[in-house]
Amino acid sequence: MKRLHIGLADRGYDILIGSGLLDSLGRLIADVRTPSKAVVLTDDHIWSLYGDRLTAALGDLPHRVLVLPHGEQTKCAEVYAQALSFCAQNQLTRTDMLIAFGGGVIGDLGGFVAATYMRGIDFVQVPTTLLAQVDSSVGGKTAIDLPEGKNLVGAFWQPVLVVADLDLLQTLPSREQAGGMAEVIKYGAIFDSALFAKLEAHPTWETLTPILDEIVYACCDWKRQVVERDERDTGDRMLLNFGHTFGHAIEAHGRYTDYIHGEGVALGMVLAAKAGIRLGVTPVGTDDRLESLCDSFGLPMTDRFPAAALTAHLALDKKRAGSALRLVLLRAIGEGYVHSLPVDEVLSLAEDIGDAN
Ligand SMILES: NC(=O)c1ccc[n+]([C@@H]2O[C@H](COP(=O)([O-])OP(=O)(O)OC[C@H]3O[C@@H](n4cnc5c(N)ncnc54)[C@H](O)[C@@H]3O)[C@@H](O)[C@H]2O)c1
Ligand SMILES: [Zn+2]
């Protein structure tokens with residue numbers, strides 16, 4: 001088992017990464033807190049696969065479980081209110097605990113419930129997707145969606161413990177495995193050329209599985225460094241948006257159904273590399289390296305999307321961002337930086353690279 005400490009003054013906590021951790025969850029929790037009872041939030045997929053094991057793992061800790069429908073639509077105000085009521089009906093007090101057992105949807109929702117129920121109670125994250133293990137469970141951002149947009153309501157609220165059991169990732173649908181890999185590749189691209197090279201040397205899920213502990217640890221460690229410097233997301237965290245500006249445009253173009261988030265990010269990273277090459281800041285061939293790595297992990301690279309779709313969505317950003325957009329570009333693999341560009345230049349870049357793709 002690997003242990004990573006997130007050092008945030010009085011809100012520091014550990015992330016545990018390893019195989020078979022789920023079955024020791026009760027003991028791992030007892031090492032950091034002694035709640036008298038707990039509420040578990042989870043979704044139907046995860047509960048049908050792992051419910052019995054979780055119950056056994058909690059041992060003597062009395063707990064009630066709220067099993068929610070899987071999918072992004074669960075991260076909404078109605079389900080949030082339902083979860084708060086569930087806590088109240090089970091007389092959860094400020095010395096008790098919430099356990100978020102699931103992917104990013106359950107983690108974001110559960111974290112926001114924990115942040116707000118009785119003005120904040122302890123919570124433990126047990127992330128079950130690769131995206132949640134390397135990204136959403138680290139950093140303390142919690143949120144729900146509104147009909148007007150994603151993640152519009154939320155809070156910064158740190159868990160008291162994160163338990164990432166790598167074995168759980170083996171039951172993930174392959175599309176979700178690949179989607180999580182897009183974020184892993186992102187860490188390599190912006191921060192860590194050695195990580196990127198390691199992925200190139202283990203370019204499939206099967207070959208990567210034996211070293212997943214190192215990989216997940218490396219990603220969490222990069223996010224840790226960013227979060228410790230910039231807990232409230234005012235500057236440094238911006239680098240983590242590599243691939244996301246174009247990626248969000250692609251997700252929107254697919255009406256949020258054709259592409260899962262990681263697929264948009266993967267295509268967005270390749271486009272950002274192409275943009276950097278056109279601007280003369282990114283070495284030629286970086287786009288090909290990113291593309292072949294994403295492709296080897298099963299991220300769809302061949303789809304065509306019209307430049308107009310990219311520019312239409314980016315033009316919306318114009319209203320939000322004012323006259324300049326901050327794009328994350330690469331000086332090299334492993335070296336991301338923030339590049340401010342007039343929105344109109346980004347639009348014409350997007351037209352070029354959108355067509356080129
Ligand atoms: N808080 C943050 O910093 C942050 C960062 C990135 C993303 N997010 C949020 O994360 C969410 C996406 O998270 P996600 O990709 O984990 O999606 P998700 O939670 O919807 O999980 C994806 C699917 O996989 C299933 N699943 C989960 N674990 C499984 C397992 N071990 N075996 C089999 N099936 C399993 C789920 O039931 C679901 O159908 C979005 O809402 C996004 O906004 C938050
Ligand atoms: Zn992302």
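These exercises walk through the ligand shell, the helix contacts and the domains of the structure above.

The model is predicted, so local features need pLDDT of at least 70 and side-chain atom pairs count only at pLDDT 80 or more, while totals for chains, interfaces and linings use all residues. Residues are numbered from 1 along each chain as its sequence is written, and chains are lettered from A and ligands numbered from 1 in the order in which they are written.

**Exercise 1. Find the residues that come nearest to ligand 1, then describe the shell around ligand 1.**

Step 1. Start with the shell, where a residue is near if its C-beta atom, placed from the backbone, lies within 6 Å of the molecule. Ligand 1 has 28 residues around it, and His45, Gly103, Gly104, Thr129 and Ser136 come nearest.

Step 2. Now look for the elements that give two or more residues to this shell: they are α2 (44–58), α4 (104–116), α5 (130–136) and β8 (149–156). Helices (H or I, at least four residues) and strands (E, at least two) are DSSP runs, numbered from the N terminus.

Step 3. Sort the shell by class, and you get eight nonpolar, 12 polar and eight charged residues. Here Ala, Val, Leu, Ile, Met, Phe, Trp, Tyr, Cys and Pro count as nonpolar, Asp, Glu, Lys and Arg as charged, and the others, Gly among them, as polar.

**Exercise 2. Work out how helix α3 crosses α4, and which residues make the contact.**

Step 1. Take the axes, which are lines fitted to C-alpha atoms, for helices over the stretch in contact, with angles from 0 to 180 degrees between N-to-C directions. Those of α3 (residues 77–89) and α4 come within 10 Å and cross at roughly 55 degrees.

Step 2. That angle makes α3 oblique to α4. Angles under 35 degrees count as roughly parallel, over 145 as roughly antiparallel, 65 to 115 as roughly perpendicular and the rest as oblique.

Step 3. List the contact, in which C-beta atoms, placed from the backbone, lie within 7 Å. From α3 come Val79, Tyr80, Ala83, Leu84 and Cys87, and from α4 come Leu109, Phe112 and Val113. By class, the contact of α3 with α4 has eight nonpolar, no polar and no charged residues.

**Exercise 3. Describe how α11 and α12 lie relative to each other.**

Step 1. The axes of α11 (residues 261–278) and α12 (residues 286–296) come within 8 Å, with a crossing angle of roughly 170 degrees. The two helices are therefore roughly antiparallel to each other.

Step 2. On the α11 side you will find Ala266, Met269, Val270, Ala273, Lys274 and Ile277, which meet Thr286, Asp287, Leu290, Glu291 and Cys294 in α12. Their classes are seven nonpolar, one polar and three charged.

**Exercise 4. Describe the contact between domain 1 and domain 2.**

Step 1. The bounds, from an automatic or database domain assignment, are 2–171 for domain 1 and 174–356 for domain 2. Their C-alpha centres lie 27 Å apart.

Step 2. Domain 1 brings 20 residues to the contact and domain 2 brings 21 residues. On the domain 1 side, β1 (2–6), β2 (13–18) and α5 each give two or more residues, and α5 gives the most, with five residues.

Step 3. By class, that side of domain 1 has 13 nonpolar, five polar and two charged residues.

Technical notes
Contact = placed C-beta atoms within 7 Å.
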